[in-house]
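Thanks for asking me to look this one over.

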Amino acid sequence: MTTSARRWRGPLALVTLSLVPVVAGGARLGGLATGAEVTPETARFAASPLPIALHIASATLYSLLGAFQFSAGLRSRWPVWHRRAGRVLAASGVLAALSGMWMAAAYEIPAPLQGSLLFGVRMCVGAAMAASIVIAVVAILRRDVARHEAWMIRAYALGQGAGTQVLVLGPGALLLGDVLGPTRDLLMTLAWAINVVFAEYVIRRAPAARREAALAPAASQPG
Amino acid sequence: MELIVRSILVGAGATLTMDLWAALLRRFGIPSLNFAMLGRWVGHLPRGRFVHESIARAAPVRGELALGWATHYAIGVSFAGLLLALYGLEWAHAPTLGPALLVGVVTVAAPLLVLQPALGAGVASRKTPAPFFNSLKSLATHTVFGLGLYLAARVTAP
């Protein structure tokens, strides 16, 4: 694999992970915009469309645009782009987190789709995601790049919960049958836990990867 | 009342299963958590110390090994309580494997995200020399715990 292809591998994997939630969100927004038939499952969205519209728009922007912020190549070649996109992403990430909490608390979500466990986890994840973004922004304002990077990775991992939930709920349905009620709550929680753990691995590997990247051009120069 | 009794029975049985698994691992030279360290961590909580740089270097606490074992079983009982709170006593009367395994696997978040960083090992053991292996070991141990929840519920089902 070429160096260029390797650079794009991470962002493309993150975009792929985002695809199902993004498409599903787009379909939901389309349904709301065109006045599609209201079912018991969609009644809460039709009755109060603003939170879901804000959440889908901000989360889509955050997950897709955010994926490219992790490309070291993009960061070094277009630092101005990274900074400008970062401002948009910080705002959209906080909006996605807060609108997610708003929906979990204010919508009348049927019990099979959200029990007490999932409600509590959604509140914690939303608060942690918003806090992570704030810490990351404060860190970069103080020129602390390593801290900024670590907290942005954590925030993005929390924001990508929906992508991992697709991967977890699918096999969960195959193995356990109906994924509703407490089983759904647990699987959704598991997806966020997987993302948090994965984020910590990425953060741990980041300094080593940066050192390798810094050495690579020098090492490849003819003697 | 039945919820509490069943949580204790199922949780203690599952924790015992996990301990047998840990003993088996030790026979193959794979170390497991020293419960004295868990007890030391709990012993420091009333002093307002939640996170340690390294729990091994923290001041010892009197009776830390016994405190560690008691905490270990209390956590097991509370996780069984979580299972019964989520799935109801109906599950304890007719246990199925899926919910028990799922609770076992999901509760691995507790050591990875709470206990290990609090003891100074970092989230998902990331400050240890072999974080992936240690995390995998935690996952395997909690899967065994989930299996133990099912077995204990089967044995104690009315």
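Predicted model: local features only at pLDDT ≥ 70, side-chain atom pairs only at ≥ 80, totals over all residues.

1. Setting aside neighbours up to four places away in sequence, Arg26(B) touches Pro31(B) and Ser32(B). Arg26(B) sits in helix H1 of chain B, which covers residues 2-27. Is Arg26(B) buried or exposed? Arg26(B) is exposed, because 11 other C-beta atoms lie within 10 Å and the cut-off for exposed is 12 or fewer. For a sense of distance, Ala56(B) is 30 residues from Arg26(B) along the chain, and their C-alpha atoms are separated by 20 Å.

2. Ala96(A) belongs to helix H5 of chain A, residues 79-106. With 29 other C-beta atoms within 10 Å, Ala96(A) is buried, since the cut-off for buried is 20 or more. Which residues does Ala96(A) contact beyond its neighbours within four places in sequence? They are His55(A), Ser58(A), Ala59(A), Tyr62(A) and Gly159(A). Pro51(A) is 45 residues from Ala96(A) in sequence, yet the C-alpha atoms of the two are 9.5 Å apart in space.

3. Now for chain A as a whole. Its secondary structure consists of nine helices and zero strands, so the order of elements from the N terminus reads α-α-α-α-α-α-α-α-α. Buried residues account for 35% of the 223 residues in chain A. Among contacts in chain A with a separation of 6 or more, 72% join residues 24 or more positions apart.

4. The crossing of H3(B) past H5(B) is right-handed. From H3(B), the residues Phe79(B), Leu82(B), Leu83(B) and Tyr87(B) meet Pro99(B), Ala100(B) and Val103(B) of H5(B). By class, this contact of H3(B) with H5(B) has seven nonpolar residues, no polar and no charged.

5. In soluble globular proteins, nonpolar side chains tend to be buried together. Here the largest nonpolar core has 66 residues, and those touching the most other members are Ala155(A), Leu83(B), Val103(B) and Leu149(B). H9(A) supplies the largest share of this core, eleven residues. A second, separate core has seven residues, including Ala36(B), Leu38(B), Trp41(B) and Ala121(B).

6. Leu149(B) deserves a look of its own. What does Leu149(B) touch, not counting residues up to four places away in sequence? Its partners are Val10(B), Ala14(B), Ala80(B), Leu83(B), Ala100(B), Val103(B) and Gly104(B).

7. Last, the contact between the chains. Chain A brings 13 residues to this contact and chain B brings 16 residues. Which helix gives the largest share of the side of chain A that touches chain B? That helix is H9 of chain A (residues 182-220), with eleven residues. The residues on this side of chain A comprise nine nonpolar, two polar and two charged.

Conventions
Residues numbered from 1 in each chain as written. Chains lettered and ligands numbered in written order. Contact = placed C-beta atoms within 7 Å. Helix = DSSP H or I, 4+ residues; strand = E, 2+ residues; numbered from the N terminus. Nonpolar A, V, L, I, M, F, W, Y, C, P; charged D, E, K, R; others polar. Core = buried A, V, L, I, M, F, W, Y, C linked by C-beta atoms within 7 Å. Left-handed = near helix turned anticlockwise from the far one by under 90°.
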